[in-house]
Amino acid sequence: QVHLVESGGGLVQAGDSLRFSCAASGRAFSTYAMAWFRQAPGKEREIVAAISRSGGRTYDADSVKGRFAISRDNAKNTVYLQMNNLKPEDTAVYYCAVRSSGYNDQYYTNRGQYVYWGQGTQVTVSS
């Protein structure tokens, strides 16, 4: 069992920046692939960014490319999402997710591939 605790949500204006953190329990954090998803009202949960166990491979959705960046600190069991130049369409509940990656240093972008999820944190971007 892995517990994820997210922090960093809030109400911001368009153009502002936010940084999410997601701290994971367990000693095997460095073997986990991680990701951030989001779900806007009336929409399905979608991938935002993903990162491999080492942090050497990352993925950004087209909608956030160049504005958001995922990173991790394995020494702190924490994954981050830096969000810059926020737009009203970024308004959603953001979730971090984790799955074991074994010896594979790859990221995963399908929500069905993730086993554990954080509680979600709301971001509202006003225009």
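What follows is a short walk through the core, the strands, the disulfide and the rings.

Me: What kind of model is this?

Reply: This is a predicted model. Residues count from 1 along each chain.

Me: Start with the core. Which residues of the largest nonpolar core touch the most other members?

Reply: A nonpolar core is a set of buried residues joined through side-chain atoms within 4.5 Å. Here the largest one has 29 residues. Met34, Trp36, Leu81, Met83 and Tyr94 touch the most other members.

Me: Which strands each supply at least two residues of this core?

Reply: Strands S3 (18-24), S4 (32-39), S5 (46-51), S7 (68-73), S8 (78-83), S9 (92-100) and S11 (121-126) do. There is also a second, separate core of eight residues. Among its members are Ala33, Ile47, Ala97 and Tyr114.

Me: Take Met34. What does Met34 touch?

Reply: Leave out residues up to four places away in sequence. Then Met34 touches Leu4, Cys22, Phe29, Ala50, Ile51, Ile70, Arg72, Val79, Ala97, Val98 and Tyr114.

Me: Now a strand. Which residues make the covered face of S7, and which the uncovered one?

Reply: Read the strand by its two faces. Phe68, Ile70 and Arg72 form the covered face of S7. Ala69, Ser71 and Asp73 form the uncovered face.

Me: In which sense do S7 and S8 pair, and over how many bridges?

Reply: Strands pair if there are at least two bridges between them. S7 and S8 pair in the antiparallel sense, over six bridges. Ile70 stands opposite Leu81 in S8. The two strands, S7 and S8, form a hairpin with four residues between them. In that turn, Asn77 has a positive phi of about 55°.

Me: Next, a loop residue. Is Gly42 buried or exposed?

Reply: The cut-off for exposed is over 50% relative accessible area. Gly42 has 88%, so Gly42 is exposed. Its place is in the loop between S4 and S5. Gly42 and Cys96 are 54 residues apart in sequence, and their C-alpha atoms are 20 Å apart in space.

Me: That brings up cysteines. Which ones form a disulfide?

Reply: A disulfide is a covalent bond between the sulfur atoms of two cysteines. The count here comes to one. Cys22 and Cys96 form it, with their sulfur atoms 2.0 Å apart. The pair links distant parts of the chain: Cys22 is in strand S3 and Cys96 in strand S9, 74 residues apart. The link of Cys22 and Cys96 is right-handed, with 45° about the S-S bond.

Me: Are Cys22 and Cys96 buried or exposed?

Reply: Both Cys22 and Cys96 are buried.

Me: Last, the rings. How many aromatic pairs does the structure hold?

Reply: Rings pair if their centres lie within 6.5 Å. The structure holds eight aromatic pairs. One of them is Tyr95 with Trp117, 6.5 Å centre to centre. Their planes are 80° apart, and the pair is edge-to-face.

Me: Which parts does the pair of Tyr95 and Trp117 tie together?

Reply: Tyr95 lies in strand S9 and Trp117 in strand S10 (residues 116-117), so the pair ties together parts that are 22 residues apart in sequence. Tyr95 is buried at 14% relative accessible area, whereas Trp117 is partly exposed at 27%. Ring pairs link Phe37, Tyr95, Tyr114 and Trp117 into a cluster.

Me: Which charged residue lies over the face of Tyr95?

Reply: Arg45 does, at 3.7 Å from the ring centre. Arg99 lies over the face of Tyr108, at 3.9 Å from the ring centre.

Conventions:
This is a predicted model: local features need pLDDT of at least 70, side-chain atom pairs count only at pLDDT 80 or more; totals for chains, interfaces and linings use all residues. Side-chain values use heavy atoms; hydrogens and water are left out. Buried means under 20% relative accessible area, exposed over 50%, partly exposed in between (1.4 Å probe, protein chains only). Contact means heavy atoms within 4.5 Å. Rings of Phe, Tyr and Trp (its six-membered ring) pair if their centres lie within 6.5 Å; planes under 30 degrees apart count as stacked, over 60 as edge-to-face and the rest as tilted. A charge sits over a ring if NZ of Lys or CZ of Arg is within 6 Å of the ring centre and within 35 degrees of the ring normal. A disulfide is a pair of cysteine sulfur atoms within 2.5 Å.
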